[in-house]
Amino acid sequence: SNADLGTIRNGEEMVERYIDHIASSVQEDLSGIKIAADCANGSASATAAKIFGKLGAQVTILNDQPDGININDNCGSTHIGALQKLVRENGLDVGFAFDGDADRCLAVDERGQVLNGDKIMYICAKHFKERGQLPSNTLVTTVMSNFGLYKALDKAGIRYEKTAVGDRYVYENMKENDFMIGGEQSGHIIFRKYAHTGDGLITALMLMQVMIDTQLPLSVLAAGVTMYPQVLKNVRVDDKDLTLADAAVQAAV
């Protein structure tokens, strides 16, 4: 019957609605801040320049020409070298590198140093705590976060949760306990007041908001965290649960 037929709607206005929503997460005027953004020839190509421009920032955009096969190709958050060089050589305040679907964001400070998700979460959590905007004074992390982050959070008087790896576990914990900020070292960060998933553009705006509010360069804001050496090694086993329950393995951990 006709009732079973779907409808087609023109969704052109959806991008504009999304841009307005993201831009509304920041109250501050970003004019005077000089940024570069690497869109990874992915979804941020359609939105980053418009959002940053709408808020008044001076923005240089890299890799915003998707052709269907060049997404993440020697660009974006997995190939950050060109962005580091650009920020350093042009005296910019900050660079942002997104991945293809732009749910992740890594930052580059004015010296060209990379800030991973742990450092970004630390800067934002500390700032929101100081403004009384960090519910329960808690940050949600995963077991992949660096020991240096926890040392820095202890020093700043911020509590933390550790979940299994995966943004769904982070979000479940945040929702259950009404926490505001959570995420992963990869740069996949959730600001629950504005989105229920990671959004690299929101992450970028939150970081710039801290820079504007404090009037401090990113290198200074990030100096509170010292990353400890960290190794990720996958070990192939026959039965994951049995192995993790093994007394010798638990003793080694």
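Contact here means heavy atoms within 4.5 Å. The model on screen is predicted.

Start with helix H6, residues 167–177. Select Val170, Tyr171, Asn173 and Met174, which are buried. These residues span an arc of only 160 degrees around the axis, so they sit on the same side of H6. To see what the buried residues of H6 pack against, show strands S6 (138–142), S7 (159–163), S8 (181–183) and S9 (189–191). Just after H6, stop at Asp178, where phi is positive, about 60 degrees.

Next, select Phe52, Phe96, Phe98, Ile181 and Phe191. Within the largest nonpolar core, a set of 56 residues, these have the most contacts. Helix H7 (residues 200–214) supplies the largest share of this core, nine residues. Centre on Phe191: leaving aside neighbours within four places in sequence, its contacts include Cys124, Phe128, Ile202 and Met206. Another core, of eight residues, lies apart from the largest one; Leu83, Val87, Leu106 and Val108 are among its members.

Finally, turn to the open sheet of five strands, ordered S2-S1-S3-S4-S5 with mixed pairing. S2 (58–62) and S5 (114–115) are at the edges with a single partner strand each, so one side of each has no neighbour in the sheet. Select S1 (residues 34–38) and S3 (residues 94–98): they run parallel and are joined by four bridges. Ile35 has Val94 in S3 as its bridge partner. Bring back H7, which packs on the sheet and touches S1, S3 and S4 (105–108). The direction of H7 makes about 165 degrees with that of S3.

Conventions. Residues numbered from 1 in each chain as written. Predicted model: local features only at pLDDT ≥ 70, side-chain atom pairs only at ≥ 80, totals over all residues. Heavy atoms only, no water. Buried < 20%, exposed > 50% of the residue type's maximum accessible area, 1.4 Å probe, protein only. Helix = DSSP H or I, 4+ residues; strand = E, 2+ residues; numbered from the N terminus. Arc of directions from axis to C-beta. Core = buried A, V, L, I, M, F, W, Y, C linked by side-chain atoms within 4.5 Å. Pairing = 2+ DSSP bridges. Axes fitted to C-alpha atoms, helices over the stretch in contact; angles between N-to-C directions.
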